Amino acid sequence: MLVIGLTGGIATGKSTVSAMLKASKIPIVDADVIARQVVEPGTQGLAKIKKVFGDDVLLSDGTLDRKKLGSIIFNDEGKRKQLNKIVHPAVRKAMLWQVLGFWIRGHKYCVMDVPLLIEGGLWQLVAQVVVVYCSDELQLQRLMQRDGSSREDATSRLNSQLPISEKVSYADIVIDNSGSKQELERHIDGLIQKLEKQAGWSWRLSWLIPPIGLLRALSILLWRRIARRGKSRQQRASK
């Protein structure tokens with residue numbers, strides 16, 4: 001099965017693209033949804049958070065007080081790393097199980113919707129990286145309009161994240177979301193056509209004979225790593 005990584009920057013429209021793919025019956029593994037699920041009441045994730053951060057990060061109904069937890073880790077890198085060590089492995093494990101579930105059910109491909117696909121290194125574990133892009137200025141304007149924030153606050157928030165231009169350098173496919181909804185729909189249709197073509201007919205063989213699928217996946221990941229190293233050298237040489 002072809003595993004596609006979908007990412008973008010804040011206010012570039014990644015969530016819109018993900019929703020449109022889901023509406024087209026494309027299997028989606030949503031990292032944000034999973035991140036909430038792994039800390040629900042009764043999960044090991046929430047129990048570990050309670051052990052590290054105390055009962056103060058829980059609401060009266062036993063659910064996680066995200067606002068309180070956020071205020072704790074915002075200015076404390078050590079606490080933030082502790083939280084990441086709890087949440088990230090749980091999220092990755094759950095994502096893997098969802099991908100395996102789609103494969104078992106015979107899907108040709110699935111899309112992993114991961115905001116921090118590049119930052120977290122997960123881009124190395126997918127066959128294709130799709131980045132949803134718009135210009136820096138349009139991204140800023142959309143963020144200000146969406147959150148009702150000032151230009152200064154929106155700029156500060158964007159500056160705290162990996163620039164969208166840098167994410168594009170990792171992309172195999174770029175979806176330009178600078179235009180109208182109709183233009184975006186055409187881009188989505190084009191993406192689905194590419195995925196269908198890449199999946200081809202060999203996915204059936206990989207599904208019926210798992211060792212072939214495993215070898216194919218390993219070869220894709222190895223080739224991606226080699227290609228990325230070559231691209232990095234070219235980028236350093238051009239600077």
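Reader: Leaving aside neighbours within four places in sequence, which residues is K14 in contact with?
Author: K14 is in contact with L6, T7, G8, D113, P115 and V132. Contact means heavy atoms within 4.5 Å.

Reader: What kind of model is this?
Author: This is a predicted model, where local features need pLDDT of at least 70 and side-chain atom pairs count only at pLDDT 80 or more, while totals for chains, interfaces and linings use all residues. Residues are numbered from 1 along each chain as its sequence is written, and side-chain values use heavy atoms, with hydrogens and water left out.

Reader: Back to K14. Where is its place?
Author: K14 sits in helix α1. Helices are DSSP runs of H or I with at least four residues, strands are runs of E with at least two, and both are numbered from the N terminus.

Reader: Is K14 buried or exposed?
Author: K14 counts as buried, because its relative accessibility is 9%. Buried means under 20% relative accessible area, exposed means over 50%, and partly exposed is in between (1.4 Å probe, protein chains only).

Reader: How much of the chain is made up of buried residues?
Author: Of the 239 residues in the chain, 36% are buried.

Reader: And how many helices and strands are there?
Author: The chain has 11 helices and 5 strands.

Reader: Next, V114. Where is V114 found?
Author: V114 is in the loop between β3 (109–113) and β4 (128–133). V114 is buried, because its relative accessibility is 6%.

Reader: What is V114 in contact with, leaving aside neighbours within four places in sequence?
Author: V114 is in contact with L6, T7, A31, M95 and L122. Take L6: V114 and L6 are 108 residues apart in sequence, yet 6.1 Å apart in space, C-alpha to C-alpha.

Reader: What share of contacts join residues at least 24 apart?
Author: That share is 72%, among contacts in the chain between residues at least 6 apart in sequence.

Reader: New topic: helix pairs. At what angle do α1 and α9 pack?
Author: α1 and α9 (residues 181–199) pack at about 60°, with axes 11 Å apart. Axes are lines fitted to C-alpha atoms, for helices over the stretch in contact, and angles run from 0 to 180 degrees between N-to-C directions.

Reader: What do we call that arrangement of α1 and α9?
Author: α1 and α9 are oblique to each other. Under 35 degrees is roughly parallel, over 145 roughly antiparallel, 65 to 115 roughly perpendicular, and the rest oblique.

Reader: Is the crossing of α1 and α9 left-handed or right-handed?
Author: The crossing of α1 and α9 is right-handed. A crossing is right-handed if the near helix is turned clockwise from the far one by less than a right angle, and left-handed if anticlockwise.

Reader: Which residues in α1 and α9 meet?
Author: From α1, T16, V17, M20 and L21 meet L184, E185, I188, L191 and I192 in α9. The residues of this contact divide into 7 nonpolar, 1 polar and 1 charged. Ala, Val, Leu, Ile, Met, Phe, Trp, Tyr, Cys and Pro count as nonpolar, Asp, Glu, Lys and Arg as charged, and the others, Gly among them, as polar.

Reader: How do α3 and α5 pack?
Author: Helix α3 (residues 44–53) and helix α5 (residues 77–104) pack at about 160°, with axes 9 Å apart. That makes α3 roughly antiparallel to α5. The contact residues of α3 with α5 divide into 6 nonpolar, 2 polar and 2 charged.

Reader: V52 is in α3. What is V52 in contact with, leaving aside neighbours within four places in sequence?
Author: V52 is in contact with Q82 and I86. V52 is partly exposed, with a relative accessible area of 34%.

Reader: Last one. What is phi of A11 near?
Author: Phi of A11 is near 70°, a positive value in a residue other than glycine. Most residues other than glycine have a negative phi. A11 lies in the loop between β1 (2–8) and α1 (14–23), and A11 is buried at 14% relative accessibility.

Reader: And what about phi of K25?
Author: Phi of K25 is near 70°, a positive value. K25 lies in the loop between α1 and β2 (28–30). K25 is exposed, with a relative accessible area of 72%.
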